[in-house]
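Visitor: I have a model open and would like to learn how to read it. Where do we begin?

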Amino acid sequence: MGNAVLRYGGQGILYALFAVFVGYFSSSPVYHHLGPDEGLLRLSFRHPGEFVTDCRSRSPEELAKLPPQLRAQMDCPRERSPVRVRVELDGKVLYDEVFPPAGLRRDGAASGYRRLEIPAGEHALRVQFNDDIRVKGFNYEGDRKLNVVPGQVVLIDFNADQGGVVIR
Amino acid sequence: MSPFHTLNPTEARLEGSGVAARALRALERAIDRACGERDNPLRQLGGLGFYLFWLIALTGGYLYIFYDTSVAGAHASVEQLTHGQRWVGGVMRSLHRYASDAFVAVIVLHLVRELAYGRYRGFRWYSWVSGVPTLWLAVAAGVIGYWLVWDSVALFVATATTEWFGALPGFGPALVRNFISEGAVSDRLFSLVVFLHIGVPLVLLLVMWAHVQRLTRPQTGASRAVALWTLAALSLLSLALPAVSQPPAELDWLPATLPLDWFYLAPLTAIYAATPALVWIVATGLTLLLAVAPWLGPLRRPAPAVVDPDHCNGCTRCFADCPYAAIAMAPHPGGRGQIAVVDADRCASCGICAGACPSSVPFRAGERLVSGIDLPGSTVGDLREALDAALRAPHGQGALVVFTCQRGAGLGPAPGRGLVVLGLPCAGMLPPTFIEYALRGGASGVVVAACPPSDCEFRFGARWTGERLAGEREPRLRRGVERERVEVLQAAREERAALRAGIEAFRARLGAPQQETSTEVSDG
């Protein structure tokens with residue numbers, strides 16, 4: 001009888017310890033992803049830059065040198081511009097980076113992702129994009145006065161159909 | 001060193017005798033006292049893993065019935081399960097969660113145990129390597145499961161996972177946009193996630209099936225007591241601490257603190273503590289290290305069993321008894337029935353096959369005893385010669401013959417007075433006829449010192465030996481043998497004192513003479 005109590009008691013303690021171990025690490029300790037007075041600024045975009053060169057008309061000599069099935073009048077190189085992004089927060093430059101187009105022929109969309117914790121409170125955000133290497137400076141720009149509350153996620157995106165820079 | 005030495009694994013410096021192994025064995029022996037060896041969960045971690053897998057599948061199946069695979073309905077349907085049907089859906093959800101956590105814990109414990117015991121090299125390489133992907137698959141299945149709840153933790157997990165994968169060249173930084181840009185999270189995405197949450201565990205099950213393919217009679221479930229205790233513990237945990245959701249996911253909101261499940265999500269937090277690329281390097285490096293571990297460092301691998309076509313009659317006993325499915329039956333080259341064929345890569349060199357062979361009978365005439373299947377270097381012929389020599393030696397007559405397992409307690413370099421001690425790679429190598437042979441040769445009695453069955457290095461050695469001597473398994477110990485002169489003792493490697501005490505008690509019962517000098521067959 002005494003042995004049985006010890007055996008069952010011992011097993012009960014063993015499995016209880018295992019359950020406590022599983023139960024604790026299943027949701028504890030809490031993970032501090034952001035500071036208590038911080039928000040998150042995300043830059044995420046996917047955008048095909050402008051073509052690097054314009055289309056041009058092929059001369060008769062050039063056309064003659066091409067195989068018959070490839071004799072298109074217009075020559076349109078597909079290489080796209082890299083996309084330059086500049087992000088300023090309260091006058092301080094956070095990012096000023098150039099994102100190359102994807103693909104072996106550099107004819108795909110450029111994409112980028114950055115994340116940065118920012119203190120909660122009022123901020124002045126300025127975002128500039130350049131998707132055409134033939135343009136000096138930036139051809140898209142957006143700015144916003146932000147009042148970031150703790151835990152807020154601010155997303156900087158780019159959508160040419162919506163006028164370019166999107167701050168959400 | 002004599003092939004029939006009587007050292008234990010620590011004295012013989014066999015793999016799996018290090019500090020970690022000794023500590024783990026001490027823990028196992030302590031838990032044995034509470035649970036018994038057969039129901040010690042540490043001794044059936046693989047089977048417990050299978051059991052938890054099915055528990056997760058069963059509870060997951062129930063949850064899937066009520067789950068709404070839409071952006072708007074996912075979180076609400078999980079809330080309805082959790083609170084709307086508290087005593088069924090809520091418990092099922094919590095059981096699903098905690099069984100999944102226990103599954104990871106059991107897999108890791110299983111890996112650590114086999115690593116500590118050195119059971120990952122040589123013939124075990126396949127089981128080890130095929131177990132490595134289960135870590136990734138189990139964690140992947142769990143992480144994907146967290147997306148389904150679509151609460152703030154789910155959004156964190158989804159973005160962190162895509163940020164991590166986005167660091168890989170093939171994926172790129174646009175991957176994370178699937179979870180943070182407006183309109184990207186769609187009902188179709190949830191259907192895909194559900195598909196992955198079912199598909200990845202199915203692949204895991206396939207890998208688990210492959211993992212046990214080189215085992216005869218693999219344990220793919222827990223013993224009844226372990227299953228019931230585990231279910232009871234996880235059920236009580238589910239009632240005491242129900243799994244609950246966080247607020248619904250909002251793309252522009254991330255709580256500062258998150259109650260994460262560390263069994264699954266710890267790697268994701270590491271990408272913020274370090275960098276995604278560094279976590280990839282560490283994770284990939286550790287995986288590769290585990291995968292190549294069986295071939296790191298020198299390995300002393302004994303020769304595999306060899307079949308003698310002239311003495312193999314195709315009885316299939318070795319085929320049935322081999323613990324590692326290393327023996328197949330094929331047509332005999334002499335055209336007389338079948339012959340055993342040994343797959344050297346799978347062979348553990350335990351000798352259980354030699355113990356099962358009907359040709360391993362020491363009474364057979366002939367200068368040299370040849371068995372149908374045997375271990376080169378420590379054949380049953382060698383064993384008969386060693387036994388003959390010991391019994392013919394001065395004081396050999398009337399001695400107590402002890403056959404010990406070299407993976408068990410052993411009797412060390414100085415076994416003791418009046419003993420003829422022969423160590424075997426496994427107690428299962430002992431053909432029962434050797435017991436009768438020793439008794440007829442002048443031994444006062446015979447002790448077979450095996451390991452406890454759940455402690456057997458070669459899985460079935462102790463069990464087969466017990467069944468053979470009890471007349472329940474071929475080859476049987478002949479009924480005419482005086483049973484009172486035969487003793488089977490079970491002693492783990494730490495229990496030499498208990499083995500000695502058992503031998504002395506048996507000798508006292510026999511009234512065997514205490515001789516002045518020992519006649520052990522051991523050169524240490």
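Guide: We will take the domains, then the contact between the chains, then one residue. Keep in mind that this is a predicted model.

Visitor: Which domains does the assignment give for chain A?

Guide: A domain may be built from more than one stretch of sequence, so read the ranges with care. In chain A, domain 1 covers 1-31. Taken over C-alpha atoms, the centres of domain 1 and domain 2 of chain A are 52 Å apart.

Visitor: And which domains does chain B have?

Guide: Domain 1 of chain B is put together from 41-115 + 126-250 + 259-295. Domain 2 of chain B runs over 306-510. Their C-alpha centres are separated by 46 Å.

Visitor: How many residues does each domain of chain B bring to the contact between them?

Guide: Domain 1 of chain B supplies 4 residues, and domain 2 of chain B supplies 6. Next, look at the classes. On the domain 1 side there are 1 nonpolar, 1 polar and 2 charged residues.

Visitor: In which sense do β1(A) and β1(B) pair?

Guide: Strand pairing can cross from chain to chain, as it does here. β1(A) and β1(B), residues 257-258 of chain B, pair in the antiparallel sense over 2 bridges. For a landmark, find H32(A): T257(B) in β1(B) stands opposite.

Visitor: Let us finish with a single residue. Is G142(B) buried or exposed?

Guide: Count the neighbours around it. A residue is buried if 20 or more other C-beta atoms lie within 10 Å of its own. G142(B) has 23 within 10 Å, so G142(B) is buried.

Visitor: Where does G142(B) sit, and which residues does G142(B) touch?

Guide: G142(B) belongs to helix α5 of chain B, residues 125-149. Leaving out residues up to four places away in sequence, G142(B) touches S100(B) and Y264(B). Now compare sequence with space. L265(B) is 123 residues from G142(B) in sequence, yet their C-alpha atoms are 8.8 Å apart.

Notes:
Residues numbered from 1 in each chain as written. Chains lettered and ligands numbered in written order. Predicted model: local features only at pLDDT ≥ 70, side-chain atom pairs only at ≥ 80, totals over all residues. Contact = placed C-beta atoms within 7 Å. Nonpolar A, V, L, I, M, F, W, Y, C, P; charged D, E, K, R; others polar. Helix = DSSP H or I, 4+ residues; strand = E, 2+ residues; numbered from the N terminus. Buried ≥ 20, exposed ≤ 12 C-beta atoms within 10 Å, placed from the backbone. Pairing = 2+ DSSP bridges.
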